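Biologist: Hi, I'm new to this one. Could you walk me through it while I keep asking things?

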Amino acid sequence: MLSLFRPAAHKPRVPDQRIDSLYRRLRWQIFFGIFFGYAAYYLVRKNFALAMPYLVEQGYSHGDLGLAFSGISIAYGISKFVMGSISDRSNPRIFLPAGLVLAASVMLFMGLVPWATSSIAIMFILLFICGWFQGMGWPPCGRIMVHWWSHKERGSVVSVWNCAHNVGGGIPPLLFLLGMVWFNDWHCALYMPAIVAIIIALAAYVLMRDTPQSCGLPVIEEYKNDYPVDYDPQSAEQELSTRQILQRYIFPNKLLWYIALANVFVYLLRYGILDWSPTYLKEVKHFSLDKSSWTYFLYEYAGIPGTLLCGWMSDRLFKGNRGATGMFFMVLVTIATVVYWLNPAGNPGIDMLCMIVIGFLIYGPVMLIGLHALELAPKKAAGTAAGFTGLFGYLGGSVAASSIVGYTVDYFGWDGGFIVMIGGCLLAVLLLALTMLSEKKHRQTLIMATD
């Protein structure tokens with residue numbers, strides 16, 4: 001089975017006069033492939049949240065639905081780490097589309113077969129399976145970005161690519177509204193995004209490629225004349241075993257542990273707001289279906305300019321200190337969350353504004369942690385490093401956002417749920433402060449090691 005995903009073989013080098021034009025064309029083509037390919041994963045990752053208010057009406061509790069929903073996060077957290085390790089030795093052109101088709105197929109089944117939503121246990125198992133296939137999305141994108149873009153340009157590229165989260169995450173509520181017009185069936189929240197995701201998977205396969213060497217091109221460091229301070233051409237292009245990656249570059253890396261733990265609490269807020277907003281806005285703020293769907297959409301799409309601003313600030317104002325930038329954004333998002341919580345019902349404009357501000361701010365730290373993970377490991381270990389931070393973010397933060405917040409709301413009301421999320425914000429700020437203080441020392445160590 002794994003032989004299907006083997007890295008593409010290196011091709012003979014193309015003539016020098018063709019290198020620049022071929023590199024330019026393929027980089028645009030590949031970027032579109034990974035951008036829309038990864039965006040499509042979000043069509044079938046959190047669309048279950050749109051169906052939850054209707055499942056509550058059928059008698060399921062918030063806590064039980066949160067438990068079922070946590071299946072996708074538990075599986076994704078583990079799978080992102082496991083699949084990250086596999087993706088470092090795989091062809092992303094096959095790896096990413098295959099995972100997307102499989103994840104979408106599970107969601108299509110849940111939407112079309114009534115039995116699939118007949119109990120919490122069944123929903124948990126199916127969402128767990130979907131979550132496992134979701135782990136095949138981020139790592140191959142990370143592998144591609146570190147092979148096709150050099151160190152100096154990677155921050156801008158990753159910040160733009162990271163907007164795929166928002167492009168994909170904002171579309172399901174619109175597909176849901178369209179499906180309700182066409183079919184008047186709330187199950188369309190599940191099957192409409194799945195159909196679109198499968199179509200995009202086929203397009204991603206056509207656009208994507210593996211490494212530059214598999215296309216007859218030189219490595220990106222040579223093409224851009226951009227060599228990191230610790231770059232060694234032989235070791236940088238050497239394929240590593242999972243054991244070597246973990247023992248050399250993952251487990252001993254204190255800075256990677258800091259950002260992985262911070263990711264728990266960043267994801268707790270990100271998904272605590274996102275997963276429960278359709279239910280919270282309907283129950284507490286008395287939003288209609290169309291108004292809550294548009295609010296969900298605006299939350300996601302506000303993240304696009306917010307992520308781009310965060311990437312620019314990280315490079316220009318904070319001089320590449322990812323921890324300091326993330327801490328700045330998390331302080332502001334904490335304030336916006338408090339206003340969202342304390343705003344009384346009957347002020348929908350303020351609620352929508354708060355959702356927009358939270359969406360604008362939260363995706364910057366999400367992007368920075370992913371980027372930082374790529375920078376803390378060599379490119380042949382990039383998928384594993386990204387998977388390591390994702391393991392914490394989803395297995396800790398996203399699961400807590402689904403199940404812990406859900407049960408807290410059942411027992412202590414929505415005030416209790418918001419206290420949990422705001423507490424997570426404060427812990428994220430603390431861990432990012434530790435990252436900020438350690439980052440300068442880490443850079444100095446790298447420079448001294450190469451002298």
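Biologist: Where does His286 lie?

Modeller: His286 sits in the loop between α13 and α14. Helices here are DSSP runs of H or I with at least four residues, strands are E runs of at least two, and both are numbered from the N terminus.

Biologist: And is His286 buried or exposed?

Modeller: His286 is exposed, with a relative accessible area of 60%. The cut-offs are under 20% relative accessible area for buried, over 50% for exposed, and partly exposed in between, using a 1.4 Å probe and protein chains only.

Biologist: What about the phi of His286?

Modeller: His286 has a positive phi of about 60 degrees, although His286 is not a glycine. Asn184 is not a glycine either, and has a positive phi of about 50 degrees. Asn184 is in the loop between α8 and α9, and counts as exposed because its relative accessibility is 64%.

Biologist: Before we go on, what kind of model is this?

Modeller: This is a predicted model, where local features need pLDDT of at least 70, side-chain atom pairs count only at pLDDT 80 or more, and totals for chains, interfaces and linings use all residues. Residues are numbered from 1 along each chain as its sequence is written, and side-chain values use heavy atoms, with hydrogens and water left out.

Biologist: Good to know. How many helices and strands does the chain have?

Modeller: There are 17 helices and zero strands in the chain.

Biologist: What share of the residues is buried?

Modeller: Buried residues make up 61% of the 451 in the chain. As for contacts, meaning heavy atoms within 4.5 Å, take those between residues at least 6 apart in sequence: 85% of them join residues at least 24 apart.

Biologist: Switching to salt bridges, how many does the structure hold?

Modeller: The structure holds four salt bridges. The term means a side-chain nitrogen of Lys or Arg within 4 Å of a carboxyl oxygen of Asp or Glu.

Biologist: How accessible are Glu57 and Lys282?

Modeller: Glu57 is exposed, at 56% relative accessible area, and Lys282 is partly exposed, at 33%.

Biologist: Which residue does Lys285 pair with?

Modeller: Lys285 meets Asp351 in a salt bridge, 2.6 Å from N to O. Asp351 is in helix α16 (residues 348–375) and Lys285 in the loop between α13 and α14 (289–316), so the pair links distant parts of the chain, 66 residues apart. Asp351 counts as buried at 1% relative accessibility, and Lys285 counts as buried at 6%.

Biologist: And what does Arg143 form a salt bridge with?

Modeller: Its partner is Asp210, with the closest N and O atoms 3.3 Å apart. Arg143 belongs to helix α6 (residues 138–148) and Asp210 to the loop between α9 (188–207) and α10 (220–224), 67 residues apart. Arg143 and Asp210 are both buried.

Biologist: New topic: where is Lys46 found?

Modeller: Lys46 is in the loop between α1 (16–43) and α2, and is buried at 3% relative accessible area. Leaving out residues up to four places away in sequence, Lys46 touches several residues, including Phe69, Tyr271, Asp275 and Ser402.

Biologist: Last one, which residues does His165 touch?

Modeller: Not counting residues up to four places away in sequence, His165 touches Tyr38, Tyr42, Trp138, Arg270, Glu300 and Tyr363. His165 is in helix α8 (residues 164–183), and counts as buried at 2% relative accessibility.
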